[in-house]
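Please keep the sequence and the model in view while reading.

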Amino acid sequence: MDFDRFFRDQIDGLHREGRYRVFADLERRRGAFPQARRHAGGEISDVTVWCSNDYLGMGQHPTVLAAMHEALDRCGAGAGGTRNISGTNHYHVELERELADLHHKEAALLFTSGYVSNWAALGTLASRIPDCVVLSDSMNHASMIEGIRHSRATKVLWRHNDPDDLDAKLSALDPKVPKLVAFESVYSMDGDIAPIAEICDVAEKHGAMTYLDEVHAVGLYGPRGGGVAEREGLMDRLTVIEGTLGKAFGVLGGYIAASAPLCDFIRSFSSGFIFTTALPPAVAAGARASVAHLKVSDAERTRHRDRVRKVRDRLDAIGIPHLANPSHIVPVMVKDPAKCKLISDHLLDHHSIYVQPINYPTVARGTERLRITPSPLHSDADIDHLARALNALWSRCALNHVSVAA
């Protein structure tokens, strides 16, 4: 087999469909977020980033940077290996305590990313609980899907955010079978929010465990940044809360928070925890500082809500189509992969605005979009520039009879 020929043919297919991904070569500027330097063709230019998951700009926060510098000076660069063999650095211990407290749980367990925490925790729970059946929301993230698939447990899909369908699916199962309901709070592409209380009602009715992915909510929602479940006073009703340190907390890593026996069970049996190098101490220190800061400071969340509201208002005023939702995610709907990339490229090349096109398989075909994520650090001038650029581009496409679907 000509392997390289096969690879080229597959990539050519992506080009033909208009969904080949080009990574912008960017350099974040310390203290200047959301500004970044773009490296292209041997030239450097300034751009404004509108699609970062560093939702609150905490990756630039002085408290976070100071904590990372201090840990780097004390401990050096790496963790030295797995926690199982090389030892648990004290910064890991402190961060897990901080996260357990954030979610009012007995314990927490760190992983190297949010993807790994979902894959490892769901995979371990579903594979090692005898005859476990996992009921997965049909729009769950790829990391949850992979964890469930890896477990080889029986999986039952229920309609997205539909507690009645979940109830019907659970009712069809043997009452004695162990059951695990897995879902998210904020869904990252459409920005919709799960009816957590109603889902917990159904799960409790059938004696099922609940596993809530809050990666796009931690830091952003609740009085201390504990997520949507904290905002709605529901954390105690959830068996497992999973989160990330790489989005609103601005650093890197994933975690679960749950009972002490459950966390110890995952720690002891999950290959995704046991056999991987631990987070560097400086990363753990920075994450702990971020979590601790957002527990007591609401200024970032308040400003963030204001920026999201202003972006939505400006888009409405100029007639740019975006999905209405109750979250911080602003999906501008293009509904065509080639046009989505064209708009993204034009914004970057002609307006110094970076917003990555979102195409299949991240979203369904025909729902391609620009996923805009305002931050507290986007200024009124940044918002005005974004709105003017989108308005000009939409108008130009219309004049040239290049339809951009609403």
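Helices here are DSSP runs of at least four residues, of type H or I, numbered from the N terminus. In this predicted model, helix 1 covers residues 3-17 and contains Phe6. Phe6 is partly exposed, its relative accessible area being 39%. Together with Met1, Phe3 and Phe7, Phe6 forms a nonpolar surface patch, and these residues share about 480 Å² of accessible area.

Helix 1 also holds Arg5 and Asp9, which lie four residues apart, about one turn of the helix. Their side chains meet in a salt bridge, with an N to O distance of 3.7 Å. Both partners are partly exposed: Asp9 has a relative accessible area of 38%, and Arg5 reaches 48%.

Glu146 is partly exposed at 28% relative accessibility, whereas Arg149 is exposed at 52%, because the exposed class begins over 50%.

Helix 10 (residues 260-269) places Asp264 and Arg267 three residues apart, so about one helical turn separates them. They form a salt bridge whose closest N and O atoms are 2.8 Å apart. Asp264 is partly exposed at 37%, and Arg267 is likewise partly exposed at 40%. Elsewhere, salt bridges with shared partners join Glu94, Glu98, Asp101, Arg224, Glu230, Arg288 and Lys295 into one network.

Methods
Residues numbered from 1 in each chain as written. Predicted model: local features only at pLDDT ≥ 70, side-chain atom pairs only at ≥ 80, totals over all residues. Heavy atoms only, no water. Patch = residues over 30% accessible without salt bridge, like charges linked within 9 Å, V, L, I, M, F, W, Y side chains within 5 Å. Areas by Shrake-Rupley, 256 points an atom, 1.4 Å probe, with all protein chains shown as cover. Salt bridge = Lys/Arg side-chain N within 4 Å of Asp/Glu carboxyl O. Helix = DSSP H or I, 4+ residues; strand = E, 2+ residues; numbered from the N terminus. Buried < 20%, exposed > 50% of the residue type's maximum accessible area, 1.4 Å probe, protein only.
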